[in-house]
Amino acid sequence: MSQPVLDIRRLRVSYAGNRALDLDALSVAAGEVVGVVGANGAGKSTLVNAVAGWSRGTPSVEAQISLDGRRLDAWPTHQRVRAGLVLVPEGRVAFGRMSVDDNLCTAFTPAAQGADEGRHIYSRDEVYALFPRLHERRHHLGHQLSGGERQMLGIGRALMMGPRLLMLDEPSIGLAPQMVEQVLGTLKLLARKGLAILLVEQNVRAAIEVVDRLVLIERGRKVLEGAASEMGNDPRIAEAYLGASTT
Amino acid sequence: MARSNMQMAGYALLAVLAFLAPQLLGGSGVVYSAAVLIAIFAVASYGLDVIVSDLGEVSLAHTVFFAAGAYTTALMASRGGVGSSWLTLLGAIAVALVLAGVIGLVTLRLREFVFSLVTYAVAVVGMTLAANWSFLGGSDGLRGIPTLDLSLPGLTLVAGNDRALWPYAFALLLAVIYLVARFRRSALGAAAVMSHLNPRLATMSGIDPARVRLQVFLLSAPISAAGGWLYAYQRAFVSADVLENYFLILMLTAVVLVGRRQLLGPVVAVALVLTQEKFFSLGGDIDKIILGAVLVAVLAFLPAGLASLARPLARLRTARAAANATSPLNTLEHTK
Amino acid sequence: MTILQQIINGLVLGHAYALVAIGWTLLLGVARLVNFGHGQMYMLGAFVTWWAVVKAGVPYALALPMAMAVGALVGVFMQRVMLKATFEQNLVSIMIMTLGFGYVLHGVASIVFGSTGQILETALSRRDIELGELWLTWQDAAIVVAAVVVFVGLRWLLDGSRIGRLVRMVAEDPKLAMLTGVNVRRVYYGVFAFEGAAVAFAAGMVAPRTPILTSMGFEEVIMTFVVVVLGGIGSVTGSYVAGVALGLFTALFSALVSPAYTTAAVFLVLIAVLVLRPGGLSARVAAGAH
């Protein structure tokens, strides 16, 4: 069995002494889409932020994180990003005062970082081909874009960094249903090309269509994990998130 | 409660010892002079302490309040012929309040660092005025300040030299420390800390951070001015060099060296700095480098001040005490 | 002196102010750092240039890069010491630390360079350009040219180059920039080095105009502060315009009213602006480099 792209062991995150997340193990294989679901405040964002070594706050993080077998939990955020561990965060994903063109650029040259097989580095043109709306608005500033367009911008830039593992935190927030379908469909496409994806979503219904495996986080702990096809019928998920009436 | 009575007794003992300290350390003129200056600069520093430690903002204008106190006293006492030092003290406080009011109102809705820069500019302009304006004595300064005279009807309270000045300096220091302690326990003090640590919560609790800043500023200015008031009498001479950067750096070090919001922090810090300068000096410029370096080093490497060094020791003591207090019964329960 | 002469003086002075302020503008706009040691770093730049030219016999054209190198090193050293506070955005600590640094620089300069005033003369400052009744020194002209070159160059760098893009990212949202693979720490070092080099360069260029003292620097901070606030925090173009305007105001006030109280007058103008328009004269108030 080939080694997973992302391997997390013993992840513990605390904010000001309060334990926010306690995860024993989680892994994502190449071409796999793993969905992380759970209620607000369950610890989903904390999870992906900690993997990226990033946060808008000041958490204390202990973890063993490996990318393609290489331990990088001691690395600062920008180094992890350059190694192919890319996060599209929740909230602000684009630079409002910079144009779309400027937003779609990397701080480094992924090819120069010794990107090996499995890291498809998107060029700006490829991103525009993927999201034609962005091309139309290429000279507009970030803050002039709609929420969905900014989300596309964030994903587009992430792809330009040649990710080995792509993590997305609630990419569907504020998006119209068609947009959500388009974004998630694009992710499925990328996964088929070999990209490993860790997707945090509140919109479980939409996520379930796209993910291979589902992980349910509740109050900072993993309570359920399994194939999406099986989990979809799990009463715990159905009860909590898909609404009281399920057919 | 027993503990607070113990604390009060402890403080009282400390106060008595501090008062007797110059005598116990030889009683020479040099020692008394150092003691008086420590008291004066500590008083000035407490004004800044309230702004930096409680309000969490940097005011660089407190040297101006200190100078205002000194200049008002000089003008009233030497040019104005006002004999009673009570009146000059009132004058110093009044002028400081007016200045602080103007600065405070102007900077009411400005961001913190703009506030700091404005106070910096006030200090620089103050320097220019003090050095050039003939009313303030220009570059020669104001001389001929009479001795401190706090006499009341029937009671002569005069101080002609540092030894005689010491009880009054000590009394002023005690009064200021008491004032700061009361402030910290007051509603305004609590409001200041809240608007510093959590402005959003403060606004939701009905506190207007801008108004709180103004009020604390108005409280702090006369404190520093009182230091200036006494300085004028101690030196018998006031000139523009009372606005030198040295005083600002000294006051800032006094506020951060021991730790934020430590009641006795400023006076201990000033004592340390002045002791080094007066008795272990390495030359004016090197002393300057040492002082500046200490200020930077404390903030960079020991942000909670020297007091934070004492905390691990205290923790060790309590841990040992707890270990000794563990009874066999308790250990049995834990191994279940 | 005619008004026209004063206007020429003012333009030269204005370009000098803009040049002195540019490092501070970038530091504040990109890293949100207030450097109260700016005045002493200016003083150091002036004295290193003076020492190199007058005491060490180095040609002026070489003395300037020397001063810039010293300035950049001081900047990097300061940032290294203040790194934790920078990342925590602990502005109170940063402001006080930069004040402390300034004080230390003053002490060091007093020991190394002495406390007497010195005059830095260069080949350019000794020769005048005469335009009829008006005159200015070649040094003055050089100041104007240097300021324009630096400002245009910086704008071009910020808008058009890759490094400029990174700097703008960090200026707007340092955390998000980290996720784009930017080494934010290195950018902060770079910006502080730029501040050190820029203020030293400005000092080396402007110092020949007046005698220099190791106790100087305070008024430079005020002027810089006023330029930055009037021009809009982080705005490169704004700083240029505000600098020139301030220079004209200072020259005219000094000639027509009183030279000693010029700083006080500038201060009053600043207060008036702050009271009437708390965001400064620039419509956009948000931090960021632009």
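Reader: Why is C:I94 counted as buried?

Author: In this predicted model, C:I94 has 24 C-beta neighbours inside 10 Å. The criterion for a buried residue is 20 or more such atoms within 10 Å, and C:I94 therefore counts as buried.

Reader: Where is C:I94 placed, and which residues does C:I94 touch beyond four places in sequence?

Author: C:I94 is in helix α5 of chain C. Setting aside residues up to four places away in sequence, C:I94 touches C:L33, C:V34, C:M82, C:A85 and C:T86. One of these, C:V34, is 60 residues away along the chain, and its C-alpha atom is separated from that of C:I94 by 7.2 Å.

Reader: What makes α10(B) a mostly covered helix?

Author: Of the 12 residues of α10(B), 11 are buried. Among them are B:N245, B:F247, B:L248 and B:V256. The cover over the buried residues of α10(B) includes α2 (29-55), α3 (62-79), α11 (265-279) and α12 of chain B, together with α5 (91-113) of chain C.

Reader: How does the reach of α10(B) compare with the span expected at 1.5 Å a residue?

Author: From its first C-alpha to its last, α10(B) reaches 17 Å, which is close to the expected 16 Å for its 12 residues.

Reader: Which chains share the most contacts, and how many residues does each side supply?

Author: Chains B and C share the most contacts of the 2 pairs of chains in contact. That contact takes 33 residues from chain B and 35 residues from chain C. On the side of chain B that touches chain C, α5 (112-132), α10 (245-256) and α12 (284-301) of chain B each supply at least two residues. The most come from α5(B), with 11 residues. By residue class, this side of chain B divides into 22 nonpolar, 6 polar and 5 charged.

Reader: How do you know that chain A and chain B do not touch?

Author: A contact requires C-beta atoms within 7 Å. Chain A and chain B do not touch, and their nearest C-alpha atoms are 15 Å apart.

Reader: Which residues touch the most other members of the largest nonpolar core?

Author: Of the 296 residues in that core, A:L199, B:V43, B:A121, B:A225 and B:A226 touch the most other members. The helix α2(B) gives the most to this core, with 19 residues. Beyond its neighbours within four places in sequence, B:V43 is in contact with B:L172, B:L173, B:V176, B:I223, B:A226 and B:G227.

Reader: Where in chain A is confidence lowest, and where is it highest?

Author: The lowest mean is 65, in helix α10 (residues 235-241) of chain A, and the highest is 95, in strand β6 (residues 85-88) of chain A. For chain A as a whole, the mean pLDDT is 86, and 92% of the residues reach 70 or more. Over residues 243-247 of chain A, pLDDT stays under 50, and the model has 1 contact beyond four places in sequence for them. Where pLDDT is low, the predicted coordinates should not be read in detail.

Definitions and conventions: Residues are numbered from 1 along each chain as its sequence is written. Chains are lettered from A and ligands numbered from 1 in the order in which they are written. This is a predicted model: local features need pLDDT of at least 70, side-chain atom pairs count only at pLDDT 80 or more; totals for chains, interfaces and linings use all residues. pLDDT is the predictor's confidence in each residue, from 0 to 100. Ala, Val, Leu, Ile, Met, Phe, Trp, Tyr, Cys and Pro count as nonpolar, Asp, Glu, Lys and Arg as charged, and the others, Gly among them, as polar. The expected span of a helix is 1.5 Å times one less than its number of residues. A nonpolar core is a set of buried Ala, Val, Leu, Ile, Met, Phe, Trp, Tyr and Cys residues joined through C-beta atoms within 7 Å.
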